[in-house]
Amino acid sequence: MSARSGLMGPALRMGGLVFALILLVVVGAVTAGERFMSPGNLTTILSLAAVTGVVSIGMTFVITSGGIDLSVGAVLGLASIWASTLSTQYMAEDYGWWVIVVTALAVGLAAGLVNGALIAYGKVPAFIATLAMLAAARGLAEIIAGRRTQIVDVEPFFDVFQARPLGLPTIVWIFVVVAAAGWFLLNRTTFGRRTVAVGGNPEASRLAGIKIKRHTLYLYGLAGLTAGIGAVIMLARTTAGSSTHGTLLELDAIAAVVVGGTLLAGGRGTITGTVLGVLIFSTLTNIFVLNNLDSSVQAIAKGAIIVVAVLLQQWFASREKATST
Amino acid sequence: MVDADPHEAVEPLLRMRGIVKEFPGARALDGVDLEVRPGEVHCLLGQNGAGKSTLIKILAGAHQPTAGEILLDEEPVTIPDPVAALKLGIATIYQELDVVDGLTVAENIYLGHELARGGVSRRSDAARRTREIMQRLGHPEITPHREVGRLPAAGKQIVSLARALSRDARVVVMDEPSAVLDSEEVGNLHRIVRELTADGVAVVYISHRLEEIRQLGDRITVLKDGRTVATSLLVADTPTNDLIKLMTGRAVEYAFPDRPGVPEGAAPVLEVEDLGLGDVFNDVSLTVRAGEIVGLAGLVGSGRSEILETIYGARRSTSGSVRVGGKRLRSGVDAAVAAGVGLCPEERKSQGLLLDEPVYRNITLSTFARIARGGLLDEGAERAAAREQVEALDLRPASVDRNARTLSGGNQQKALLARWLVHGCRVLLLDEPTRGVDVGARAEIYSLIRRLADDGAAVVVVSSEIPEVLGLADRVLVISDGKAVHEGPAREIDEHAVLDLVMEGSVA
């Protein structure tokens, strides 16, 4: 019984998410017709999904390990500012577009490592440490930018990131690559196994000899790194760095991860589910925009989706427990 | 109370008959009878694992009996949940004090049945009644608005007791209430218990301290292996010797494997020197040679588990050193594991297993990184290694893909042992290896542990069941109050002597 539910559970859950996505597509096609089903609009949906998507991959790891990262949106904003200062842009002119990319990634990684160090070695609860980082990173971004938007004017950067290799925008490809890498990391590597183990039972993991502090440090570093990647995508999409980039992004990412089926309590994570969760939310947004509907109504629909998804998850979980004992 | 039985004619207040409680894979209670009269202190005696906690949890409504009946005033009652127990007038004071630190004394006492009118709490009423109860308990200095978190353990216990009184309890169950108290506080507790019984309240009192039972108890019921072996003995008429015999005389004889003896020239593998951990234990020294099993015997709370965890590096020692194979161990669990030390913890579920992960991932939790190549998992090799151990240990069901949650206690223990077999251990630390394991699987676990030793491992076993330690180990350390009070060959000491050693000096 349990072997069956162990295999069927995830498949069923994924099936439910795919069904929800198809349902949304049908709703989109019926209400907005051609405007929704056109290749151009599908590309738009994917481009909009890219930023949240990349950040949600990092968030999936943190949540699977039993943690939370509230700072990803603010860190993304800070990275977008740091990577678009005049001096960074001058250097990019001199050495190449990659300077912008490396700066954004380095800022994201550094902020994430600070989070991780506070949580693992300072024993600060993840909620508090990353909440503090949220406030601090926004503040620092505002100081650096002087509350102004910083236009990026490095042509080679846009040559790369606004290109459309194989018919899709580069930023969509970045999302695809990050998601694939995330899936591999979670399911096929020792890093992924440690993540699941620490989330499932930190004390048992520690007593089995896993270095859970070091692993925690890496996990938040990873989340920060994905925020840095998100910043690069944001710069490419909006052609500007801003301290308000990524506002409330952390909530969208957590929602996508949880709707995707990763347990908020840790111990079980799914990258496929997260990707589906991100696509569901960005398709929903797209449908509302195409139909000129109120964004407040959209917020309500989003809330409803989160609640339904979590209720379904709990129902699955209780059923699984009932069949396994 | 030396006369035959002063309560002869009194109707029992509470009666439990033929109580059976089955847990998946284990029968915790197998026919327990208890009869408590108003105004008496009825002591419940038995070794760890005898079923005392399960019994009082049934009384408190936390567990449902599988069979048997409970009568209150000779009327059959069911106790579906803790609230129902309180409504019937049965209040339980647990060993782990269940007060809320952040609330005040009055708030704690009226927690769950707040005095309120139309949703507005009547704070002054609660305060006044709290003052009355505290007066009655002889602790007027504990004022209603004190924060409970700032009270000492004894004060918290008083609050717990006050809560029971606030509900007009007729039966008060106290689970080792003196364990957290110093001797002066114990004296006060005894006075309160006597006042309660003078008011006609029945007190069910659990204690390991025979001396305390002598001072306080009226009658005794002895539990062993989930059965009542003696009911309602008069304290005054029963010599301590008889009590110990009743507690220890075992219904089930375990089959212990032969002890081949440790070869003369066997090298010491684990050397612990003057190890200490704050005021939990100190000056613990022991040497375990290859092929040797050393047992730590002692009561719960004597520091046994802490000693193991400190050797393992899971707790940071405050003094002393641990050497494995002659090399001093760096602190930290990962250093111990790297040096070939493995721990099977006391709480399998919360400290040992990933319950919702498949068995093979539980078995390879310490080795998956070593089996992996360049950070890439090799689940095929992990499954193969796990399957090999599952077969060798006869772990059932033999599937490595089932979730660990679905295994019985004995098979979960085997999975943990398998973890260290895959890892390859020079030192194996086993904390309560047969807790929650049924009788049949115990013998298997014992012979498994012996086989590990025969293969050259140095094994340290902690167990609350003294016969287990004596039957399995080559050498025994008796631990009492954080100190090793005796060390010697297991053959040269019996259960009676060990109990004498651990109960000596711990008298209230």
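This is a predicted model: local features need pLDDT of at least 70, side-chain atom pairs count only at pLDDT 80 or more; totals for chains, interfaces and linings use all residues.
Residues are numbered from 1 along each chain as its sequence is written, and chains are lettered from A in the order in which they are written. Local features need pLDDT of at least 70, side-chain atom pairs count only at pLDDT 80 or more, totals for chains, interfaces and linings use all residues, and side-chain values use heavy atoms, without hydrogens and water.

**Exercise 1. Find how many cavities of 30 Å³ or more the structure has, and describe the lining of the second largest cavity.**

Step 1. A cavity is a set of points, on a 1 Å grid over the protein atoms alone, where a 1.4 Å probe fits but cannot get out; lining residues have an atom within 4 Å of a point. A volume is the space filled by probe spheres set on the points, which are joined across faces, edges and corners.

Step 2. Searching the whole structure gives 2 cavities of 30 Å³ or more. The volume of the second largest cavity is about 40 Å³.

Step 3. Its lining consists of B:Arg136, B:Leu137, B:Leu165, B:Ile192, B:Glu195, B:Leu196 and B:Asp199. Sorted by class, these are 4 nonpolar, no polar and 3 charged residues. Here Ala, Val, Leu, Ile, Met, Phe, Trp, Tyr, Cys and Pro count as nonpolar, Asp, Glu, Lys and Arg as charged, and the others, Gly among them, as polar.

Step 4. Helix H6 (residues 183-198) of chain B contributes the most to this lining, with 3 residues. Helices (H or I, at least four residues) and strands (E, at least two) are DSSP runs, numbered from the N terminus.

**Exercise 2. State which residues have the most contacts inside the largest nonpolar core.**

Step 1. A nonpolar core is a set of buried Ala, Val, Leu, Ile, Met, Phe, Trp, Tyr and Cys residues joined through side-chain atoms within 4.5 Å. Buried means under 20% relative accessible area, exposed over 50%, and partly exposed in between (1.4 Å probe, protein chains only).

Step 2. The largest core has 127 residues, and those with the most contacts inside it are B:Leu270, B:Tyr312 and B:Leu429.

Step 3. Contact means heavy atoms within 4.5 Å. Residues up to four places away in sequence aside, B:Tyr312 touches residues including A:Leu207, A:Ala208, B:Trp420 and B:Leu429.

Step 4. A second, separate core has 86 residues, among them A:Val62 and A:Ile171.

**Exercise 3. Decide whether B:Ala458 is buried or exposed, and list its contacts.**

Step 1. B:Ala458 belongs to strand S20 (residues 458-463) of chain B.

Step 2. B:Ala458 counts as buried because its relative accessibility is 0%.

Step 3. Beyond neighbours within four places in sequence, B:Ala458 is in contact with B:Val269, B:Val288, B:Arg289, B:Glu292, B:Arg426, B:Val427 and B:Leu428. B:Leu428 is 30 residues away along the chain, with 6.2 Å between the C-alpha atoms.

**Exercise 4. Locate B:Asp168 and B:Asp274, and give the phi of B:Asp168 and of B:Asp274.**

Step 1. B:Asp168 sits in the loop between helix H5 (153-166) and strand S9 (171-175) of chain B, with a positive phi near 55°. At 61% relative accessibility, B:Asp168 is exposed.

Step 2. B:Asp274 is part of strand S13 (residues 268-277) of chain B, and its phi is positive, about 50°, although it is not a glycine. Its relative accessible area of 40% makes B:Asp274 partly exposed.

**Exercise 5. Find which residues the cis peptide bond at B:Pro397 joins.**

Step 1. The bond joins B:Arg396 and B:Pro397, with omega about -5°.

Step 2. B:Pro397 is in the loop between helix H14 (379-392) and helix H15 (409-423) of chain B.

Methods: On a 1 Å grid over the protein atoms alone, a cavity is a set of points where a 1.4 Å probe fits but cannot get out, and a pocket is an open set with protein on both sides within 12 Å along at least five of seven lines; lining residues have an atom within 4 Å of a point.
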